[in-house]
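Colleague: I am new to this one. Can you show it to me and then take my questions?

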Amino acid sequence: MIYVLCRLLLACFLSLPVFAASAQDWQKRSIYQLVTDRFATSDGTSPACDTSKREYCNGTWQGVIGKLDYIQNMGFDAIWISPVVANIEETTADGQAYHGYWTEDQNSLNPHFGTSDDLKLLSTTLHERSMYLMIDVVVNHMAATALPPNLNYSAFAPANFSKSSDFHPFCWITDYSNQTNVEQCWLGDSNVPLADVDTEDPSIVTFLNGWIHDLVQVYGADGIRIDTVKHIRKDFWPNFTASAAVWSIGEVLDGDVQYVSQYTEVLDAVLDYPAFYPLTAAFGNTSGDLSALAQTVQKEQSAYRLGTSMTGSFLENQDNPRFQSFQTDQALVLNAMTWPFVQDGVPILYYGQEQGYTGANDPYNREALWLSGYEEDKPLVIHVRMLNAARKAAVASSGNFLSTQLTFLTTTKNALAVSKPPMLALLSNGGSSSNPSWSVPNAGYKSGETLIDAVSCNTLKADKQGGVSAQSFNGTPKVNSLLYRPIGPCSHSFRTSHSLL
Ligand code: ABC
Ligand code: CA
């Protein structure tokens, strides 16, 4: 007789200590998002990686461990890694499962990325550096290579997913305005149908809650990024996240504030998709509209359960064209990159942005980072280091920075003054050939207080009323994003943000 010694295969392994990170702990941090297969190889070599092939390129968890200095040197203190469980092994007409979102076996790890010990070592190595690990998890679907009736359910593991009745009956999602269609029909395409798990079935719900609990415990995850949140009924999520018992940030891929706000009732945080669209539009072109970004953010501030502090803000990710695929003016790039670091939520930077990558839509936006040489003296890398340092300095210098929602002191089509005391960000979308200026009365500083421009390290004095007037000359990219904070050392050469404090 076979005795089932542990409820889940994953739970057979010893658990790692979790930091028990709270939402407040995460809010002080910034996240570097990486696609494991594309970030770094175990032996540090740089194999060719043709994104158009959609095939594995040999990035691993060992590779990530080897490049943590690179991430930490930019000032990040958390990483989000792509999904870790075993995926379909077939090479389909949509390519291979290198991105990790095509689950076949929830209880095994993806062998392409390493072993269980490798993932645990990544977790403990991060913790030794006081960094957090966020794991991307998918529970909405399992990936197949044929549609019913040819779909082979017995390929799925564990047994909870081994028959057609464990899934919603097949239908494609065709109507995004019909929530039942969104929740109970299937994503994917006929090459790789994403069989939609029956998340109404109590035994499946019990399994998934136990699964996420064990995954977090075994690998010492400090947070989870949840895929396809809007494709599962809302009341599924509270027990799931309670079982994970770590910070959860959900992907609700929708630009509508009211729609996304419903999910702020059931999750710790949401990826800031509603601001992503006006953000990219506003800085994507010198005729873009910055006031539209401001309006969206103000709507979010009143619609979300805890305001915009419960967002994760990003300019790029694995599902959208990189910013520089449609706009390469470096003044616009620097301004756009600044936004996630000066708003209320947790800043997230998608790997490769700092190296100036230009990949457009999936699969081109998943370039191998090793082809960049991980250079640390490029302008955008330096810009990211500065942004992390400025934010960390603001967090450290004021107990209220994180709990005070930002306000827009200047809002026009081409200029924003974003106040989140003690930080003031002066942004413009005029581009490299413009000389934008800002006049911000009552910026909240003390009369005559000395401020530092975190971009140039130049100092400037607030006026008698605590206001600020500034101009970015010659439209040079370096000074087109201006960021002021109270006096403190300013240098681009610090190793981590902490040495700035
Ligand atoms: C593969 C190929 C692609 C090919 C595609 C058909 O198949 O690689 O080249 O085009 C994974 C892989 C992908 C893969 C897919 C499908 O699986 O990473 O490479 O694409 O096999 C998450 C992840 C994503 C992941 C999956 C699947 C889900 O972040 O990386 O993809 O596990 C929907 C989901 C969203 C999902 C996304 C890919 O699809 O909701 O969770 N992302 C509208 C809908 C959205 C929809 C979006 C894109 O279109 O409302 O629900 O996202 O199809 C705004 C509106 C939005 C609108 C956007 C486009 O515009 O407000 O509503 O979104 O203004
Ligand atoms: Ca579903």
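This is a predicted model: local features need pLDDT of at least 70, side-chain atom pairs count only at pLDDT 80 or more; totals for chains, interfaces and linings use all residues.

Colleague: Which residues does the UniProt annotation "binding site" cover?
Modeller: Trp-102, His-141, Arg-225, Gly-255, Asp-319 and Arg-366, according to the unreviewed UniProt entry. Such an annotation may be inferred rather than shown by experiment.

Colleague: How do you know that they do not all gather at one spot?
Modeller: They span 265 residues in sequence, and the farthest two C-alpha atoms are 24.7 Å apart, so one spot does not hold them all. The lining of the largest pocket does include Trp-102, His-141, Asp-319 and Arg-366.

Colleague: Take Arg-225. Why is Arg-225 called buried?
Modeller: Buried means under 20% relative accessible area. Arg-225 has 1% relative accessibility, so Arg-225 counts as buried.

Colleague: Where is Arg-225 found, and in which strand?
Modeller: In strand β9, residues 223-226.

Colleague: What is Arg-225 in contact with, leaving aside its neighbours within four places in sequence?
Modeller: Contact means heavy atoms within 4.5 Å. The residues that Arg-225 contacts, beyond those neighbours, include Trp-80, Tyr-101, Asp-136, Glu-251 and Gln-318.

Colleague: Now Arg-366. What makes Arg-366 count as buried?
Modeller: The cut-off is under 20%. Arg-366 has 4% relative accessibility, so Arg-366 counts as buried. Its place is in the loop between β13 (346-350) and α13 (379-397).

Colleague: Which residues does Arg-366 touch, not counting residues up to four places away in sequence?
Modeller: Among them are Arg-38, Thr-51, Tyr-98, His-99, Asp-319 and Tyr-350.

Colleague: How many disulfides does the count come to?
Modeller: Two.

Colleague: What makes the link of Cys-49 to Cys-57 a disulfide?
Modeller: The sulfur atoms must be within 2.5 Å. For Cys-49 and Cys-57, S to S is 2.1 Å. The link of Cys-49 and Cys-57 is right-handed, with 85° about the S-S bond. Cys-49 has 12% relative accessibility, so Cys-49 counts as buried. Cys-57 has 6%, so Cys-57 counts as buried.

Colleague: How do you know that Cys-171 and Cys-185 form a disulfide?
Modeller: Their sulfur atoms are 2.0 Å apart. The cut-off is 2.5 Å.

Colleague: How do you know that the span of α13 agrees with what it should be?
Modeller: At 1.5 Å a residue, the 19 residues of α13 should span 27 Å. The end C-alpha atoms of α13 are 27 Å apart, so the two agree.

Colleague: Why is α13 called largely enclosed by the rest of the structure?
Modeller: In α13, 15 of the 19 residues are buried, so the helix is largely enclosed.

Colleague: Which residues does a cis peptide bond join?
Modeller: One joins Asp-362 and Pro-363, with omega about 15°. Pro-363 lies in the loop between β13 and α13. Another joins Pro-421 and Pro-422, with omega about 10°. Pro-422 lies in the loop between β15 (415-420) and β16 (423-428).

Colleague: Which residue has a positive phi of about 45°?
Modeller: Thr-228, although it is not a glycine. Thr-228 is found in the loop between β9 and α8 (237-244). Thr-228 has a relative accessible area of 6%, so Thr-228 is buried.

Colleague: And which has a positive phi of about 50°?
Modeller: Tyr-374, also not a glycine. The place of Tyr-374 is in the loop between β13 and α13. The relative accessible area of Tyr-374 is 13%, so Tyr-374 is buried.

Key: Residues are numbered from 1 along each chain as its sequence is written. Chains are lettered from A and ligands numbered from 1 in the order in which they are written. Side-chain values use heavy atoms; hydrogens and water are left out. On a 1 Å grid over the protein atoms alone, a cavity is a set of points where a 1.4 Å probe fits but cannot get out, and a pocket is an open set with protein on both sides within 12 Å along at least five of seven lines; lining residues have an atom within 4 Å of a point. Helices (H or I, at least four residues) and strands (E, at least two) are DSSP runs, numbered from the N terminus. Buried means under 20% relative accessible area, exposed over 50%, partly exposed in between (1.4 Å probe, protein chains only). The expected span of a helix is 1.5 Å times one less than its number of residues.
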